[in-house]
Amino acid sequence: MKKTMTSIREEFPVLDQQVYGHDLIYFDNAATTQKPRSVIDAVSGYYEKDNSNVHRGIHALSHRATEAYEAARARAAAFIGAGSEKEIVFTRGTTEAINLVASSWCNRYLKPGDRILLTEMEHHSNLVPWQLAAERTGAELVFVPVTGDEGLLQLDRLDALLAGNVKLFAFTHISNALGTINPVAELCRRARDQGVVTLVDAAQSVGHAPLDVSGIGCDFLAFSGHKMCGPTGIGALYGRRDLLEALPPYHGGGEMIRKVDLHRSEWKGVPHKFEAGTPHISGAIGLHAAMDYLDEIGRKAIYSHDRELGEYAAERLRSLRNLRLLGPPAERAGIASFHLPNVHAHDVVSFADRRGLALRGGHHCTQPLMKRLGLESTVRASFYIYNTKEEIDRFVEVIEEIQAFFG
Ligand code: 7TS
């Protein structure tokens, strides 16, 4: 990384605190990341100087707000290698982006007997919207199986599954529960070879790895700002322009119309026809600052830092007795998920909290995956740019303390 580790840590005010008398170690980054000073300043600066509604006013502040909001869209397009800012729809996050496609695309194109292909490792956000779509359209859901504890997709099954009347294939880039990194470009190529539309859930990857939609070759891609140093409540859907243009709106209301009569209306073009109502303007501005911040560090550097920490944590945890580590043996993201046979995950997290260590315990919104692994929950540590190997050493010490305490 061009910036030093110490300088990166200093840019995150929230990290400089003690919890129950211990220096905070924040290992819950897969849930949400912390925000650097530049993002906090961009959001408060907007409210202090430019606050106004977008696209409606003719006055100076409204112009500034509109320009800043649309500049964030152009920045998001460049950030993920989209061909045009018209391919970026701002949403509340990954969940809403997936719901948009599951609603507009599925309603338009699916009929009874068609299939939607998912994987067994999906977050509920990339499962439940498709269940609702299947219920509405009469389509059926099918799944690429996961191998077991190492959490890899059984890709030898993929082509046969795709050939079974599948119309859309939606899958995660990085698993939030296992740290698996899926070969997204290959998955998209194999789907495309069979004329299947693809959606990539990039919630765990967009702020952690270099990502380019044209290289990946996906049709849709969804992400959240808050998992990549940006504010909560803002994210985006990337969609290939011809696909977005052919879709009906998802929500109706102000901002998205060209002309309204009592009985019918005409929509604006893409992407605005998908953005009904006053958008999260300050969120988009904060997201813009977050993208600048991450690119200043460099996503290649972030990717290798995160993977190094993921690998290091896995290696340290493997050396503990009576601990079941999940996720791939190699090539894992900065996520370590594990199960202690004698201790409930929530007890581990509560104990760790008293040592200033923020972990997460539960099903991580992947209940079907947990069931597949024969578990109800795991303990998860997830890392980001400001975390260090020293923090992982301390974390392993706390896990050993917990094992000793619970016998
Ligand atoms: N997809 C993946 C792979 C995720 O990890 C998450 C959130 C989502 C979708 C949903 O994102 P949202 O921003 O729309 O909520 N994952 C987690 C998690 O692992 N712990 O808390 C949230």
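Visitor: What makes strand 7 and strand 8 a pair?

Guide: Two strands pair if DSSP finds at least two bridges between them, and five bridges join strand 7 (residues 166-172) to strand 8 (residues 197-201). Five meets that requirement, so the two strands count as paired, and they run parallel. As one example of residues facing each other, F169 stands opposite T198 in strand 8. Keep in mind that this is a predicted model, where local features need pLDDT of at least 70, side-chain atom pairs count only at pLDDT 80 or more, and totals for chains, interfaces and linings use all residues. Residues are numbered from 1 along each chain as its sequence is written, and side-chain values use heavy atoms, with hydrogens and water left out.

Visitor: How do you know which stretches are helices and which are strands?

Guide: Both are DSSP runs, numbered from the N terminus: helices are H or I with at least four residues, strands are E with at least two.

Visitor: Which strands stand at the edges of the sheet, and why are they called that?

Guide: The sheet is an open one of seven strands in the order 4-10-9-8-7-5-6, with mixed pairing. Strand 4 (88-91) and strand 6 (140-144) each have a single partner strand, so one side of each is left without a neighbour in the sheet. From one strand to the next, the twist averages 20 degrees.

Visitor: What packs on this sheet?

Guide: Helix 5 (residues 128-137) does, touching strand 5 (115-119), strand 6, strand 7 and strand 8. Contact here means heavy atoms within 4.5 Å. The direction of helix 5 makes about 145 degrees with that of strand 6; axes are lines fitted to C-alpha atoms, for helices over the stretch in contact, and angles run from 0 to 180 degrees between N-to-C directions.

Visitor: Why is L187 called buried?

Guide: Buried means under 20% relative accessible area, exposed over 50%, and partly exposed in between (1.4 Å probe, protein chains only). L187 has 0% relative accessibility, so it counts as buried. This residue is found in helix 7. Leaving aside neighbours within four places in sequence, L187 is in contact with L153, L155, L158, F169, F171 and N182.

Visitor: And R190, is that residue buried or exposed, and how do you know?

Guide: R190 has 14% relative accessibility, which is under the limit, so it is buried. R190 also sits in helix 7 (residues 184-193). Not counting residues up to four places away in sequence, R190 touches L155, L158, D159 and L162.

Visitor: Where does H208 lie, and why does it count as buried?

Guide: H208 lies in the loop between strand 8 and helix 8 (213-216). Its relative accessibility is 9%, so H208 counts as buried. The side chain of H208 makes a polar contact of 2.6 Å with the side chain of D306. Among the residues that H208 touches are K227, R299 and Y384.

Visitor: Which residues are closest to the ligand?

Guide: The closest of the 15 surrounding residues are T95, D201, S224, H226 and R380; a residue is near a molecule if one of its heavy atoms lies within 4 Å of it. A polar side-chain atom of S224 lies 2.7 Å from an oxygen atom of the ligand. In the side chain of K227, an N or O atom is 2.9 Å from a nitrogen atom of the ligand.

Visitor: What makes strand 14 mostly covered?

Guide: Four of the five residues in strand 14 (residues 335-339) are buried. Strand 14 pairs with strand 13 (residues 324-326) in the antiparallel sense over three bridges, and R324 stands opposite H339. Strand 14 also pairs with strand 17 (residues 378-382), antiparallel over four bridges, where S337 has R380 as its bridge partner.

Key:
Polar contact = N/O pair within 3.5 Å; in protein donor to acceptor, adjacent residues only side chain to side chain.
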